[in-house]
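Welcome to a short tour of this protein. Have the sequence and the model open side by side as you read.

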Amino acid sequence: MSELVTGEAVALELRAARLPSRALAVMIDLAAAFGVYIAVSVALFAAAGSLDGAAQAAISVATFVLVLVGGPIAVETLSHGRSLGKLACGLRVVRDDGGPIRFRHALVRGAMGVIEILGTAGVVACIASLVSARGRRLGDVFAGTLVVRERIPVARTAYVPPPPPWLMGRFAELDLSGVPDGLWLAIRQYLTRMGQLDPQVGWSMAGRLAADLAACTGAAAPQEVPPAAYLAAVVHERQARDARKAFGAMPGYGVSGATGYGAPGAVPGYGAPGAVPAGSQVPGGAGHVPSGAFAPPSGQPTYQPAQPSYRPSAAEPPGAAPQDVPPKTGFAPPA
């Protein structure tokens, strides 16, 4: 990244273009310029075939200056720093303060380009770009400009695993207005990377984050809930509230009054009960929920609340599925 400071003292984080992309853009521009130069030269020589050699030489020099020098200057001025090659490579020429270039910037760049690109076959421009910390050639240094990348690859959004289904809606009455954005970011980063952490380190980190979150909400974290599951449930509750604000009680979104979610038709992507089983692939390839992600490491206390007993009655047919047995997610509901 290259930090540019505007006239209003605002720092801009722009990614400077490097030599390979700039060289490709220059090659495209030169190919287009030489194509136009050859076509114009052939047309002019065909029209002025009866002139003497001195006149034809003057026409040739004028054509070279107008097409190979004036053409790029005019294009960069009119397009605010986006020539044909830069447009194809996703680059743009800007001022040192991040603003669009003007005619004087394009004129200096074009005049220096004749020397360092056309006159030396690009050797001087390559050396200057490699030496410069921001990849600038001599034309950029004298003109006070910088070539930046406009198309930056977007990083894939990390997926926050949903909490166990028996925690859905448990924190619906929790006051989340006092939780700062920095803590939300830290919790989200932990939940998205907890599968990559050492179990002992992840468990202690989850405990610290859970304590900070409980201090901000004013309600103590439940002792029978693992810290990571508590964090995931509170993040899920915040996402559910955001979904209710955005969509309201729209049909098909399964928003209920107490928990904010119904089992079928829940808002996709917010971890509805049973929507993403442990270890399964998330639709769209956003990530996956690691099996046992919320389980404590060896040596830590294991939370295993008592399972409710179930005895089928005589009225139920043999082999009927019990209705009060919680789904198998790696967690048992508290007694």
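## Overview

Of the 335 residues of the protein, 35% count as buried (under 20% relative accessible area with a 1.4 Å probe, protein chains only; exposed is over 50%, and partly exposed lies in between). This is a predicted model, in which local features need pLDDT of at least 70 and side-chain atom pairs count only at pLDDT 80 or more, while totals for chains, interfaces and linings use all residues. Residues are numbered from 1 along each chain as its sequence is written, and side-chain values use heavy atoms, with hydrogens and water left out.

The secondary structure comes to 9 helices and 4 strands, taken as DSSP runs numbered from the N terminus (helices are H or I with at least four residues, strands E with at least two). Read from the N terminus, the order is β-β-α-α-α-β-α-α-α-β-α-α-α. Among contacts (heavy atoms within 4.5 Å) with a separation of 6 or more, 65% join residues 24 or more positions apart.

## The nonpolar cores

A nonpolar core here is a set of buried Ala, Val, Leu, Ile, Met, Phe, Trp, Tyr and Cys residues joined through side-chain atoms within 4.5 Å. The largest one has 27 residues, and those with the most contacts inside it are Ile187, Tyr190, Leu191, Leu213, Tyr230, Leu231 and Val234. Helices H7 (181-193), H8 (199-217) and H9 (227-247) are the elements that give two or more residues to this core. H9 gives the most, with 8 residues.

What does leucine 213 touch, not counting residues up to four places away in sequence? Its partners are Val179, Leu183, Ile187, Tyr230, Leu231 and Val234. A second, separate core has 10 residues, including Ala17, Val69, Leu91 and Ala106.

## H7 against H8

The axes of H7 and H8 come within 11 Å and cross at roughly 150°; axes are lines fitted to C-alpha atoms, for helices over the stretch in contact, and angles run from 0 to 180 degrees between N-to-C directions.

On the H7 side, the contact is made by Leu183, Ala186, Ile187 and Tyr190, and on the H8 side by Gly202, Met205, Ala206, Leu209, Asp212, Leu213 and Cys216. These residues divide into 9 nonpolar, 1 polar and 1 charged. In this count, Ala, Val, Leu, Ile, Met, Phe, Trp, Tyr, Cys and Pro are nonpolar, Asp, Glu, Lys and Arg are charged, and the others, Gly among them, are polar.

## H2 against H4

Helix H2 (residues 53-78) and helix H4 (residues 103-118) have axes that come within 9 Å and cross at roughly 140°. That angle makes H2 oblique to H4. H2 contributes Phe64, Leu68, Val69, Ile73, Glu76 and Thr77 to the contact, and H4 contributes Phe103, Ala106, Leu107, Arg109, Gly110, Val114 and Leu118. By type, the residues of this contact divide into 9 nonpolar, 2 polar and 2 charged.

## Two buried residues

Is alanine 48 buried or exposed? At 11% relative accessibility, alanine 48 counts as buried, and its place is the loop between helix H1 (19-47) and H2. Alanine 48 touches Gln56 and Ile59, leaving out residues up to four places away in sequence. The C-alpha atoms of alanine 48 and isoleucine 59 are separated by 9.1 Å, with the two 11 residues apart along the chain.

Serine 129 sits in helix H5 (residues 123-131) and counts as buried because its relative accessibility is 7%. Beyond its neighbours within four places in sequence, serine 129 is in contact with Leu19, Gly135 and Arg136.

Terms used: Parallel < 35°, antiparallel > 145°, perpendicular 65-115°, else oblique.
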